[in-house]
Amino acid sequence: MSHLIPTGPRRDVPATAARLGFGVPGYAHPLVAPTEWAELARPGAPLHWAVLDVARGPGARRDPHCLTAAARLRAAGVRVLGHLDLRCGTRPFGELISDANHFLDWYRVDGFCLDRCPVDRPGLPDVRRTATTLRALLGGAYLVLGQGVHPHEGYMELADQLVTFRGPWADYRWSQAAEWTAGYPPERFCHQVHGVPRRHLEEALRIARWQGAGTVYFTDRMARPEGRTRAESPWEALPGYWDEIVSRLGPRVME
């Protein structure tokens, strides 16, 4: 049985400031997941951002289907982020910036999600270099660091938002926020949780609010550790309770 009151730093914030929204990790290709992409452009969906991942990055050439999907989201007021895989700090800087330029040239993204970002202090200089260059390429670029765990606090100065939890419900319901996160507002943190049963959806939302996350993505789809294809990712299709969670979070708050 999980804790009824999540542990970790408690956030006492006004209800008007505590409204949660979605950060979508990246659905499958629009030809494979047309319903998912259409739902993201649905009026009133409480979306903070959505990741565009064409082929583990921008792909080898402009994809007209992804271009159309990204344009529809931007027209609906949704921030579109290009997916950049840092490979835990092993990705060559030149490759990252080349991918970023392709995302900008081909899909007019609003920023980037830096997936598999380093988490420790030694990784800070390289990530700082990347973040500074991305902001130089795109003034006002929105940057999300997709560590999936609580990193060294120094990463807060490099991005608009950190993904400080990514994983299964079995771990999330017992999770704790790092003490240093209490010094920052909820809009600086995102939690992405898979395998959340419908009956525990309210509990998951309560944990997110208590731990100070302003952006979430919860799904009842399960990860398959033995899977070898992206199609088996729990993030690439709609949650079975999409309509319910959209209604719970309420209308989009435009930023």
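Student: Where is arginine 87 placed, and what is its phi?

Tutor: Arginine 87 sits in the loop between strand 3 and helix 3, helices (H or I, at least four residues) and strands (E, at least two) being DSSP runs numbered from the N terminus, and its phi is positive, about 50°, although it is not a glycine. This is a predicted model, in which local features need pLDDT of at least 70, side-chain atom pairs count only at pLDDT 80 or more, and totals for chains, interfaces and linings use all residues. Residues are numbered from 1 along each chain as its sequence is written, and side-chain values use heavy atoms, with hydrogens and water left out.

Student: Why is arginine 87 called partly exposed?

Tutor: Buried means under 20% relative accessible area and exposed over 50%, with partly exposed in between (1.4 Å probe, protein chains only); arginine 87 has 37% relative accessibility, and therefore counts as partly exposed.

Student: What makes arginine 116 partly exposed?

Tutor: Its relative accessible area is 42%, so arginine 116 is partly exposed; this residue lies in the loop between strand 4 (111-115) and helix 4 (124-137).

Student: Why are the buried residues of helix 2 said to line one face?

Tutor: They are Cys66, Ala69, Ala70 and Leu73. Seen down the axis, they fall within an arc of 95°, so they line one face of helix 2, the arc being that of the directions from the helix axis to the C-beta atoms.
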